[in-house]
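Subject: Structure for you, with notes on contacts and salt bridges

Hello,

Here is the structure I said I would pass on. Please open it alongside these notes.

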Number of protein chains: 2
Amino acid sequence: MKQVLVDMDGVLADVYAQFIRLEKEESGLVLMPGLLSGKTEAEAFPHYKKHVNSAGFFRTAPLIPGSVEGLKYLNDEYNVLIVSSATEYPDSLKEKLEWLNEFYPFISWQQMIFCGKKDSIQGDIIIDDHPKNLNNFKGQRIIFTQPHNINLPDTTWHRVTTWQEIVEIL
Amino acid sequence: MKQVLVDMDGVLADVYAQFIRLEKEESGLVLMPGLLSGKTEAEAFPHYKKHVNSAGFFRTAPLIPGSVEGLKYLNDEYNVLIVSSATEYPDSLKEKLEWLNEFYPFISWQQMIFCGKKDSIQGDIIIDDHPKNLNNFKGQRIIFTQPHNINLPDTTWHRVTTWQEIVEIL
């Protein structure tokens, strides 16, 4: 059975929706999707650092549509590992674990990896929105479209924009 | 530069000392080292489950002697990744991160991996006290002596009992 590494932020968790909501609450700023294209999250959101460090940021993140059904399908067909960059934000660790337990209860604690860098985690397929996590991966690379990666050329990965597309190709 | 995977519990953190102290506080039971040999921690300590789940268990664990100097040496000579089984115990995640930051400040968040299973983490050398983490590892295997592994034959790994020995052979 092939092993699939699945990212959380930007693939399972809709962190853009979370940043947009918090930015609006913070400053009244309503960020239109077009303004976010090609910028990192830190560039796109004026209060990025404050919000990503705030209690509950990861625990209350909305789901990417279709991710529950999509991950359930992958979990039935593949060895799934959830691999999330998390050690930069100490409070995110438990929040991410509880969030996974709530929304993806079919994922066990044995399938979770919280790390700083992903380049030492082995798998056959990776699904991630960040090129830094895809570029050194030896297997099949799937990039999940988010505003920060939308302008990048798709030369070394397969691009998907929805979980339905993931289910179709895997 | 070769990559070394370093376990926490039983290699950096003296969890046996912690269990022995808590067991004595809990029930007055003073466990002599000879009684622990060949038993799993869950078999050796009557209140294992309660104590491993208690707040502060990992945050207040004593250091394995020589581990600070030893890990500092490894960190200068190798790519070090700290790889710890942690996702079974949600509260252990932040405690382990803070404990590493306090006692091994030269280890960055980029070097930390908290997981359920270690068999997808790549490296050239592994230092661990649990055979389940050593058996499927492709590189050089070093077992750190703890009471639970003391009777196992050393056919597929190199056994060390102190951090001084690790520094001598690496």
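How many residues does the contact take from chain A and from chain B? The contact takes 21 residues from chain A and 21 residues from chain B. Please keep in mind that this is a predicted model.

**Symmetry**

Chain A can be laid on chain B with an RMSD of 0.0 Å.

**Interface**

Between them, chain A and chain B bury about 2000 Å². Carbon and sulfur atoms carry 63% of that area. There are two salt bridges across this interface. One pair that meets in a salt bridge is B:Asp91 and A:Lys94, with the closest N and O atoms 2.6 Å apart. Polar contacts between chain A and chain B come to 11 residue pairs.

Now the side of chain A that touches chain B. H6 and strand S3 (112-115) of chain A each supply at least two of its residues. S3(A) gives the most, with four residues. By class, this side has 10 nonpolar, six polar and five charged residues.

**Salt bridges**

Over all chains, the structure holds 26 salt bridges. Here are some of them.

- A:Lys49 pairs with A:Glu88, the closest N and O atoms being 4.0 Å apart. The two residues are 39 residues apart and link distant parts of the chain. A:Lys49 sits in helix H4 (residues 48-52) of chain A, and A:Glu88 in the loop between strand S2 (79-85) and helix H6 (92-103) of chain A. A:Lys49 is partly exposed at 49% relative accessible area, and A:Glu88 is partly exposed at 33%.
- B:Glu26 and B:Lys50 form a salt bridge at 2.8 Å, N to O. B:Glu26 lies in helix H1 (residues 15-27) of chain B and B:Lys50 in helix H4 (residues 48-52) of chain B, so this pair ties together parts 24 residues apart in sequence. B:Glu26 is partly exposed, at 34%.
- B:Arg159 bridges to B:Asp154, with the closest N and O atoms 2.9 Å apart. B:Arg159 counts as buried, because its relative accessibility is 18% and the cut-off is under 20%. B:Asp154 is partly exposed at 40%.

Shared partners also join salt bridges into one network of A:Arg59, A:Lys94, A:Glu98, A:Glu102 and B:Asp91.

Best wishes

Technical notes. Residues are numbered from 1 along each chain as its sequence is written. Chains are lettered from A and ligands numbered from 1 in the order in which they are written. This is a predicted model: local features need pLDDT of at least 70, side-chain atom pairs count only at pLDDT 80 or more; totals for chains, interfaces and linings use all residues. Side-chain values use heavy atoms; hydrogens and water are left out. A salt bridge is a side-chain nitrogen of Lys or Arg within 4 Å of a carboxyl oxygen of Asp or Glu. Buried means under 20% relative accessible area, exposed over 50%, partly exposed in between (1.4 Å probe, protein chains only). Copies are superposed by least squares on the C-alpha atoms of residues with pLDDT of at least 70 in both. Contact means heavy atoms within 4.5 Å. Buried area is the accessible area (1.4 Å probe) that two parts lose on being put together, summed over both. A polar contact is a pair of N or O atoms within 3.5 Å; within protein, one must be able to donate a hydrogen and the other to accept it, and residues adjacent in sequence count only if both atoms are side-chain atoms. Ala, Val, Leu, Ile, Met, Phe, Trp, Tyr, Cys and Pro count as nonpolar, Asp, Glu, Lys and Arg as charged, and the others, Gly among them, as polar.
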